[in-house]
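Please open the structure in your viewer and follow the stops below in order.

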Amino acid sequence: MKIFTSTLTLCLLATLGFAQAPQVQNMSPDRQSMASEPTASITISFDQALNPATVTSDSFMVFGRWSGPMDGTLSLNGSNTEITFTPQRDFFYGEWVTVRLTSTIESAGGDALDNGYAYNYWIKTLPGTLNQTLVDQFSAEQPGETFIQCYGAYAGDVNNDEHTDLVVITEAAEDIRVFLNDGNGGYDDFTVFDMPNANNPSTNEGSDFNHDGRIDVAIGSIQNNNVSVFMGSNTDIFEDELGYSAETGVRGITVIDVNGDGWDDIATANRSSNSYSILMNDGTGTFQAPITTNSSVSNETSIVAVDLNNDGIQDLAVGGFGSSDVLTLINDGQGNFTETDVTSISGSPWMLATGDMDNDGNADIVSVNSSSGEVSILLGDGAGNLTVSDEYAVGSFSLAIDVGDIDGDGDLDFIASNFGTSDFTLYENIGGGIFANPITYDTAQAGSCAILHDRNNDGAMDITLIDEIEDIIILYENTPTLSSVDVQKQDNLIIYPNPFKDRISIKGLSSGSAKITIYDLQGRVVYSTNFLSSGISTIDIGDIPLAEGDYIIEIEEIGLRKKKRRKIIRKKRK
């Protein structure tokens with residue numbers, strides 16, 4: 001009887017002209033998924049037909065944390081109930097992806113998608129090691145400088161060459177220093193961009209605020225109320241700094257589309273003024289005056305945006321430094337936030353991260369607590385509430401946190417920066433959001449910032465560390481540890497046989513010139529050749545004395561925006 005009554009009611013509503021707004025039914029990859037391939041399409045299905053004219057690149061947007069704004073093609077199925085987004089290039093292994101649909105998407109009957117829709121998932125990583133190898137360490141100082149206090153960093157692809165660069169923020173010199181990836185996971189000399197509006201800048205996040213296809217960066221200042229925005233430039237990496245006001249003591253910053261209009265807004269945690277602020281994007285990449293709220297926690301210091309109650313609307317979690325707790329703020333889709341839950345933790349939360357730590361499909365929060373030297377794992381229930389599952393000892397005066405699947409086993413590990421003990425602590429997720437087997441990475445004077453990203457595009461997550469007293473950047477490198485794979489396939493590219501003996505065939509190359517390079521797992525070139533590619537091509541490496549084991553083959557096709565693709569291959573005995 002209930003089913004009949006519900007169906008009849010819907011029919012009567014439709015007959016009387018009460019149309020229903022379209023509702024998202026399913027998505028692929030799933031919310032908080034950890035298994036998506038870098039090439040995978042995104043599909044979202046609805047409960048009714050859509051108006052195809054409203055499904056555009058301005059209403060369906062995708063952003064990779066490190067790869068940036070993603071171009072792609074959009075298509076609808078025959079009934080116009082399912083949108084598929086096919087990326088133009090690969091996402092980066094191990095990155096956090098944000099999918100945003102705006103309220104301009106309409107049903108066939110003209111009803112708008114209420115408040116838009118947003119969700120996140122992760123790109124998979126290849127199996128790797130938690131004990132990584134130190135490969136480089138270099139200074140962020142210019143000649144003659146002695147202390148610039150390089151603290152925060154962002155690892156986005158700021159020059160669109162499909163490698164992760166480093167944007168390092170200096171608190172004392174009050175500038176940003178951009179280190180471009182050399183294509184092999186190292187960094188060339190840096191470019192300095194001044195920050196005349198800043199006062200001890202630090203916290204940062206990337207976005208595409210003006211929809212021009214380039215990464216922009218927002219940075220908060222500790223000692224004043226300034227939010228600095230650097231817009232990406234086609235010629236100079238970044239344009240000059242733009243300054244906007246929040247409230248005093250911008251210790252935390254995050255990017256969030258608070259009203260589903262597709263234009264990223266900025267949220268800040270303002271420790272000195274006991275508040276959080278929302279800076280609304282006016283639809284051009286320019287930000288309006290802040291909307292500031294004093295919450296029930298004290299000395300708001302950290303902030304992160306994620307959908308905490310699985311309604312397709314981005315919410316906020318805020319860390320109260322003075323009150324040692326984490327507040328969840330549920331968004332109604334119009335930028336109005338309701339305090340839902342306050343969770344006490346062991347110490348003062350300096351920075352927050354988010355992800356599904358226990359693989360239950362709900363977003364969780366990870367807090368690094370400076371006063372207790374612990375990391376708190378706060379599990380979400382999918383309704384906006386958090387529960388502390390456990391707290392893990394790291395070092396002393398712990399300042400920064402990042403999460404990622406470092407060992408490629410399908411769950412999120414974490415690394416914490418410890419200023420007081422001059423080190424970094426890495427914990428392995430052994431399943432279900434339980435962490436064990438801590439590993440310490442030492443530095444010279446201060447553990448300040450840690451970033452997890454695939455620096456050399458080999459599919460395994462590397463670790464980049466910053467020491468703000470010594471002003472050095474420290475690079476650790478992961479090594480893929482795949483077992484034998486019969487065929488590796490990415491896009492339409494197939495390499496076979498795998499394992500190989502003397503010859504390797506490559507199927508799916510485009511017409512034109514291609515360069516093939518084979519590396520050992522230490523990054524040394526063991527074979528390289530150029531040839532004209534069309535259809536299936538075979539290379540003979542029988543004369544090369546390769547030992548049995550794993551290698552990385554890199555295929556670069558001239559003229560393609562997707563410049564390089566890498567795969568693991570295995571040499572077997574003859």
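Which residues have the most contacts inside the largest nonpolar core? This is a predicted model, and in it that core has 34 residues. Select Leu166, Val168, Ile176, Val178, Phe179, Phe238 and Ile473, which have the most contacts there.

Next, colour the strands that supply at least two residues each to this core, including S10 (150–154), S12 (175–181) and S38 (472–477). Strand S11 (166–170) is also one of them, and S11 gives the most, with four residues.

Beyond its neighbours within four places in sequence, Phe238 is in contact with residues including Val158, Ile176, Phe193, Val217 and Met231. Apart from this core lies another, of 31 residues, with Ala317, Val326, Leu378 and Leu386 among them.

Move on to the salt bridges, which number seven. Show Glu145 and Arg177: their closest N and O atoms are 2.7 Å apart. Glu145 is in the loop between S9 (133–139) and S10, while Arg177 is in S12, so the pair ties together parts 32 residues apart in sequence. Glu145 is partly exposed, at 23% relative accessibility, whereas Arg177 is buried, at 0%.

Then select Asp540 and Arg503, whose salt bridge has an N to O distance of 3.4 Å. Asp540 belongs to S42 (525–540) and Arg503 to S41 (503–519), so this bridge ties together parts 37 residues apart in sequence.

For the last stop, show Asp520 and Arg524, a salt bridge at 2.7 Å, N to O. Asp520 counts as buried, at 11% relative accessibility, and Arg524 as exposed, at 51%.

Note on methods:
Residues numbered from 1 in each chain as written. Predicted model: local features only at pLDDT ≥ 70, side-chain atom pairs only at ≥ 80, totals over all residues. Heavy atoms only, no water. Core = buried A, V, L, I, M, F, W, Y, C linked by side-chain atoms within 4.5 Å. Buried < 20%, exposed > 50% of the residue type's maximum accessible area, 1.4 Å probe, protein only. Contact = heavy atoms within 4.5 Å. Salt bridge = Lys/Arg side-chain N within 4 Å of Asp/Glu carboxyl O.
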